[in-house]
Amino acid sequence: MAATHSEYRGYLRNGVDVESGQHRCHAVHGSEPTYRPLLIGTLAVMGLLQVASSVAILLHLTGYLQEVDLSAAPQQPIEDVQTEPVLNALRDPRKQRRCKTPKDGLPSAHLPIRIQQEYAKKGEPKEITIDWDEAHGYRHRMGYQNGKLVVMDSGFYYVYAKTCFRYYKYNPEDNDQAGIKPVDVSNAQLIQYIFHESIKHNRRASMLTKVGSTVHWQNTDYNMYCAQQGRGLRLEEGDALFVNVSNAWMLDPQGEGTYFGAIKLGN
């Protein structure tokens with residue numbers, strides 16, 4: 001019986017130990033729900049922070065925060081804020097220097113024909129110097145005298161000229177009542193020359209270029225012929241340039257068709 005009683009007590013102790021062990025295991029499992037509130041609270045705080053940051057970014061983009069900051073800033077005229085950067089960008093020191101010192105431009109000239117000129121109506125191909133219109137032309141650092149362009153700055157120049165000749169077969173001024181017979185232009189020589197007077201050669205004139213044609217006018221009421229030429233050369237201060245033509249009485253009086261000019265290209 002003693003052995004049996006001790007075995008019974010051992011059985012009871014083992015049962016208590018098992019129950020206590022089970023309680024310990026239940027205690028471990030029972031602690032799991034305590035982490036859920038902490039996790040939920042953390043997620044809630046993170047969500048609130050994200051919403052707050054999103055609202056701040058939205059307010060900044062809409063200009064609300066900037067408007068609040070500008071309210072405390074010193075007032076400045078809107079015109080100054082808008083126009084000053086544009087004006088500063090458009091300012092060009094090189095352009096200002098050109099405006100202040102126009103004398104630095106290259107010497108040049110372009111002169112149209114002077115309209116009121118009287119030439120004898122003859123069939124002779126005599127050369128006559130053309131007179132040019134200063135009032136309706138352009139000159140910069142070049143002189144002009146008696147149909148001649150005068151060089152004021154030595155250098156290499158490009159010289160050009162164009163002349164147009166026209167003829168009305170039945171000119172109202174040439175009628176039988178006035179006793180004037182029409183000029184025979186069936187074999188007219190229309191020639192253009194550009195001459196150069198060199199100061200180094202005692203202003204002796206030499207021909208630079210020549211162009212033209214012996215025109216056979218067609219049997220029409222109106223005929224026209226134009227000659228144009230140009231060349232570059234070295235000119236010295238005091239040199240002169242002029243244009244001669246034959247049959248000058250047939251020159252076109254319009255400046256778009258008959259003109260003379262020069263421009264300096266370099267030293």
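Which residues do ring pairs link into a cluster? They are Tyr158, Tyr160 and Tyr259. The model is predicted: local features need pLDDT of at least 70, side-chain atom pairs count only at pLDDT 80 or more, and totals for chains, interfaces and linings use all residues. Residues are numbered from 1 along each chain as its sequence is written, and side-chain values use heavy atoms, with hydrogens and water left out.

The structure contains six aromatic pairs. Rings of Phe, Tyr and Trp (its six-membered ring) pair if their centres lie within 6.5 Å; planes under 30 degrees apart count as stacked, over 60 as edge-to-face and the rest as tilted. One of the pairs, Trp132 with Phe260, is tilted, at 5.5 Å centre to centre and 35 degrees between the planes. This pair links distant parts of the chain, 128 residues apart: Trp132 belongs to the loop between strand E2 (127-129) and strand E3 (138-140), whereas Phe260 is in strand E11 (residues 259-266). Strands (E, at least two residues) and helices (H or I, at least four) are DSSP runs, numbered from the N terminus. Trp132 counts as buried, at 2% relative accessibility, and Phe260 is buried at 0%; buried means under 20% relative accessible area, exposed over 50%, and partly exposed in between (1.4 Å probe, protein chains only). Tyr158 and Tyr160 form a stacked pair, with 6.3 Å centre to centre and 25 degrees between the planes. Tyr158 is partly exposed, with a relative accessible area of 35%.

Eight salt bridges are present, each a side-chain nitrogen of Lys or Arg within 4 Å of a carboxyl oxygen of Asp or Glu. Asp153 meets Arg141 in one of them (3.1 Å, N to O). Asp153 lies in the loop between strand E5 (148-151) and strand E6 (155-168), and Arg141 in the loop between E3 and strand E4 (142-145). Asp153 is partly exposed at 21%, as is Arg141 at 33%. Salt bridges that share partners join Arg141, Asp153 and Lys264 into one network.

Lys148 takes part in two kinds of contact. Its side chain meets that of Glu197 in a salt bridge (2.6 Å, N to O), linking strand E5 to strand E7 (residues 188-198) across 49 residues. Glu197 is buried at 11%, whereas Lys148 is partly exposed at 24%. Lys148 also lies over the face of Phe242, 5.3 Å from the ring centre; a charge sits over a ring if NZ of Lys or CZ of Arg is within 6 Å of the ring centre and within 35 degrees of the ring normal.
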